[in-house]
Amino acid sequence: MTFHKPLAAIALALCGSAQAAAVLYNFNDFNNNLLAVSSMPTGMTASAFNLGSPYGGICQNLDPGVTNNWACGGFGDSQSQFTVQAQSGYAFDVLGFSFESYRPGIEYGVTAWAVYSSLDNFTSVLASGDFTGLAEGTLQQLGAPLTAQNLQGPLTLRIVSTGRPGLPASGWLLDNIRLDVNVQQLNAVPAPTTPVLVLGGLLAAFALRRRGRA
């Protein structure tokens with residue numbers, strides 16, 4: 001596995017109280033939308049997980065008949081991704097990014113993976129690796145040391161795979177895709193208090209009286 005130095009965002013706002021939490025995709029909501037975000041902190045929104053391949057994608061229960069443990073991935077050369085952003089009045093810091101990977105089938109499996117982000121318009125590889133020497137179905141804990149501060153606009157994380165693009169296409173299963181964040185509520189600019197407004201009115205009246213005498 002290869003890690004690359006992430007890019008940090010420039011601070012945009014002064015923030016108040018903070019809440020550490022995670023945006024999580026675990027693909028276990030079978031009766032509604034497997035690809036919808038599973039959990040996210042107050043003050044943020046998140047898109048559904050896009051499997052990002054020309055043939056759609058694949059979802060598989062890794063423990064059928066026992067638990068509802070689904071994993072999902074794209075076919076062929078895929079660009080799976082999701083987007084998060086702060087709601088109005090909030091900002092967030094990114095503390096880290098991680099996900100689980102299941103080694104694809106030997107014959108039709110993808111060969112390598114890489115992580116990119118929209119912080120630099122998907123230019124820099126944040127982390128990458130391949131599946132050399134791993135048995136089929138091997139679980140790996142993967143991720144990228146991504147950090148950023150005081151984000152408000154959209155942030156997209158992209159997991160790219162390379163493999164067999166033609167049919168029968170290669171496949172790759174991902175699970176528990178997690179973006180750790182620190183959500184902050186922005187400090188509002190305080191409105192002028194009543195005594196200040198009253199004092200302003202008195203000063204204006206005094207100035208008008210002096211002008212009238214002159």
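**Note on the predicted model**

1. Leu51 is found in the loop between strand S3 (44-46) and strand S4 (57-61); helices (H or I, at least four residues) and strands (E, at least two) are DSSP runs, numbered from the N terminus. With a relative accessible area of 8%, Leu51 is buried, where buried means under 20% relative accessible area, exposed over 50% and partly exposed in between (1.4 Å probe, protein chains only). The C-alpha atoms of Leu51 and Leu35 lie 8.6 Å apart in space, and the two residues are 16 apart in sequence. Leaving aside neighbours within four places in sequence, Leu51 is in contact with Leu35, Gly56, Gly57, Ile58, Cys72, Gly73, Gly74, Ser78, Gln79 and Ser80; contact means heavy atoms within 4.5 Å.

2. On the basis of the values, this is a predicted model in which local features need pLDDT of at least 70 and side-chain atom pairs count only at pLDDT 80 or more, while totals for chains, interfaces and linings use all residues. Residues are numbered from 1 along each chain as its sequence is written, and side-chain values use heavy atoms, with hydrogens and water left out.

3. The protein has 13 strands and 1 helix. Read from the N terminus, the order of elements is β-β-β-β-β-β-β-β-β-β-β-β-β-α. Of the 214 residues in the protein, 37% are buried. Among contacts between residues at least 6 apart in sequence, 76% join residues at least 24 apart.

4. Phe92 belongs to strand S7 (residues 90-102) and is buried, at 0% relative accessibility. Its C-alpha atom is separated by 6.7 Å from that of Gln149, a residue 57 places away along the chain. Neighbours within four places in sequence aside, the contacts of Phe92 include Met44, Val84, Gln85 and Ala86. The contacts of Phe92 also include Gln149, Asn150, Leu151, Gly153 and Leu155, together with Val181, Asn182 and Val183.

5. Leu95 is also placed in strand S7. Between Leu95 and Pro145, 50 residues apart in sequence, the C-alpha to C-alpha separation is 8.0 Å.

6. Asn150, in strand S11 (residues 148-151), has a phi near 50°, a positive value in a residue other than glycine. Asn150 counts as buried, at 11% relative accessibility. Asn176, in strand S13 (residues 173-186), likewise is not a glycine and has a positive phi of about 45°. At 27% relative accessibility, Asn176 counts as partly exposed.

7. Which residues of the largest nonpolar core touch the most other members? They are Phe82, Phe92, Phe97, Phe99, Ile177 and Leu179, out of 37 residues in that core. A nonpolar core is here a set of buried Ala, Val, Leu, Ile, Met, Phe, Trp, Tyr and Cys residues joined through side-chain atoms within 4.5 Å. Ile177, leaving aside its neighbours within four places in sequence, is in contact with Val23, Leu24, Tyr25, Phe27, Phe49, Phe82, Phe97, Ser98 and Phe99.

8. A search of the whole structure finds 9 aromatic pairs. The rings of Phe99 and Trp172 have centres 6.4 Å apart and planes at 80°, so this pair is edge-to-face. The pair links distant parts of the chain, 73 residues apart: Phe99 is in strand S7, and Trp172 is in the loop between strand S12 (155-162) and S13. For pairing, rings of Phe, Tyr and Trp (its six-membered ring) must have centres within 6.5 Å; planes under 30 degrees apart count as stacked, over 60 as edge-to-face and the rest as tilted. Phe99 is buried, with a relative accessible area of 1%, and Trp172 is buried, with a relative accessible area of 3%. One aromatic cluster is formed by Tyr25, Phe27, Phe49, Phe82, Phe97, Phe99, Trp113, Phe131 and Trp172.

9. The largest pocket is lined by 13 residues, and Gln60, Pro104, Gly105, Gly171 and Leu173 lie nearest its centre. A pocket, on a 1 Å grid over the protein atoms alone, is an open set of points where a 1.4 Å probe fits, with protein on both sides within 12 Å along at least five of seven lines; lining residues have an atom within 4 Å of a point. About 230 Å³ of space lies in the largest pocket, the volume being the space filled by probe spheres set on the points, which are joined across faces, edges and corners. By class, the lining has 7 nonpolar, 4 polar and 2 charged residues. Ala, Val, Leu, Ile, Met, Phe, Trp, Tyr, Cys and Pro count as nonpolar, Asp, Glu, Lys and Arg as charged, and the others, Gly among them, as polar.
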